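Dear colleague,

I am passing on the structure we talked about, and below it you will find what came out of going through it. Please read the notes with the model open beside them.

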Amino acid sequence: MGAQSSNSKGGTASKASLRAQIDALGPWFHNLHLPGGVQTAPDHFLGGDFPSFKWQQIQPFVPADLHGWRVLDVGCNAGFYSLELARRGALVLGIDSDEHYLAQARWAAQQFGLERRVEFRRMQVYDLANDETGFDLVWFMGVFYHLRYPLLALDLLARRTRRLMMFQTLTMPGDSVYDATADCAIDDRAALLESGWPRMAFIEHRLAGDPTNWWAPNHAGVQALLRSSGLRVEARPGHEIYLCAPDPAAALGRTLFEAQYASALGLPRGRE
């Protein structure tokens with residue numbers, strides 16, 4: 001009985017120490033289920049177990065074996081998705097502009113024993129302009145609508161996507177798609193008012209109290225944006241989530257803005 005009591009106290013002390021470390025690294029946006037059953041944000045303001053409930057929708061669309069895959073997690077936050085993908089065997093680079101979340105992610109990787117499979121760097125997505133490394137899977141969730149220059153970021157990432165991109169963004173309500181978007185006359189633009197015309201709302205001030213919520217495309221707009229960057233939508237794992245793959249035919253359209261892209265990135269003319 002004495003030994004059993006000692007082990008019980010030791011387990012309690014260990015959980016108390018872990019909770020103290022979690023609190024010191026807080027606040028947390030990702031609720032991570034750490035070894036031993038301790039969670040980082042069990043009372044998440046979004047309700048439910050975030051982002052685990054999203055992962056349950058998405059994970060059937062991700063290969064179970066990612067050994068040999070190189071993954072880029074853009075806006076990795078505390079590393080929930082980076083760690084899940086590393087568990088499947090991927091080598092993951094997680095990037096974020098906030099050192100607070102990166103500190104959480106590095107600490108969490110150690111708790112799971114995954115620090116050799118994941119690397120976390122403080123970077124803006126636009127910093128990828130100086131690195132032409134390709135990735136088998138680009139994880140681009142929860143970031144697009146926070147970017148002042150979203151299409152430039154999407155173009156950068158599409159060119160670095162070898163196999164798949166998991167894309168998620170805040171959207172406008174509705175799933176309608178207006179098919180006749182190939183052209184319209186300069187003096188007859190009524191089609192642009194159709195509910196399914198690809199469009200993106202600009203948020204000048206705040207949405208949900210957040211001044212970094214800049215954009216909300218509609219469903220048709222998301223598809224059009226992805227196509228224009230050279231990607232094809234393969235599936236919709238969940239609400240506002242799109243699984244994409246490179247599309248050589250769609251990528252041909254990039255020649256129309258190649259000079260602008262190169263100029264924006266300070267690249268020599270004709271270089272990607």
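Strands around phenylalanine 140

Phenylalanine 140 stands opposite phenylalanine 167 in strand S5, where two strands are said to pair if DSSP finds at least two bridges between them. Before going further, please note that this is a predicted model, in which local features need pLDDT of at least 70 and side-chain atom pairs count only at pLDDT 80 or more, while totals for chains, interfaces and linings use all residues. Residues are numbered from 1 along each chain as its sequence is written, and side-chain values use heavy atoms, with hydrogens and water left out.

Strand S4 (residues 135-141) is joined by 6 bridges to strand S5 (residues 161-168), and the two run parallel; helices (H or I, at least four residues) and strands (E, at least two) are DSSP runs, numbered from the N terminus. S4 also pairs with S1 in the parallel sense, over 4 bridges. In S4, 7 of the 7 residues are buried, a term that stands for under 20% relative accessible area, with exposed meaning over 50% and partly exposed what lies in between (1.4 Å probe, protein chains only).

On the S1 side, the residue opposite phenylalanine 140 is valine 74, which belongs to strand S1 (residues 70-74). Valine 74 counts as buried because its relative accessibility is 2%. Leaving aside residues up to four places away in sequence, valine 74 touches Ile95, Val125, Val138, Trp139, Phe140, Met141, Val143 and Leu157, a contact being heavy atoms within 4.5 Å.

S4, helix H5 (residues 150-158) and S5 make up a right-handed β-α-β unit, right-handed in the sense that, with the strands pointing away from the viewer, the path from the first strand over the helix to the second runs clockwise. Arginine 159 has its place in the loop between H5 and S5, and with a relative accessibility of 16% this arginine counts as buried. The C-alpha atom of arginine 159 is separated by 23 Å from that of asparagine 77, the two residues being 82 apart along the chain.

Backbone points to check

Asparagine 77 lies in the loop between S1 and helix H3 (80-87), and its phi is near 55 degrees, a positive value in a residue other than glycine. Asparagine 77 is also buried, since its relative accessible area is 9%. Glutamate 240, likewise not a glycine, has a positive phi of about 70 degrees; glutamate 240 sits in the loop between strand S8 (231-238) and strand S9 (241-246), and its relative accessible area of 13% makes it buried.

There are also cis peptide bonds, with omega near 0 degrees, from glycine 26 to proline 27 and from phenylalanine 50 to proline 51. Proline 27 is in the loop between helix H1 (2-25) and helix H2 (52-58), and proline 51 lies in the loop between H1 and H2 as well.

The chain as a whole

The protein has 8 helices and 9 strands, and its C-alpha trace spans about 85 × 35 × 30 Å along the principal axes. Of its 272 residues, 46% count as buried. Among contacts between residues at least 6 apart in sequence, 59% join residues at least 24 apart.

With kind regards
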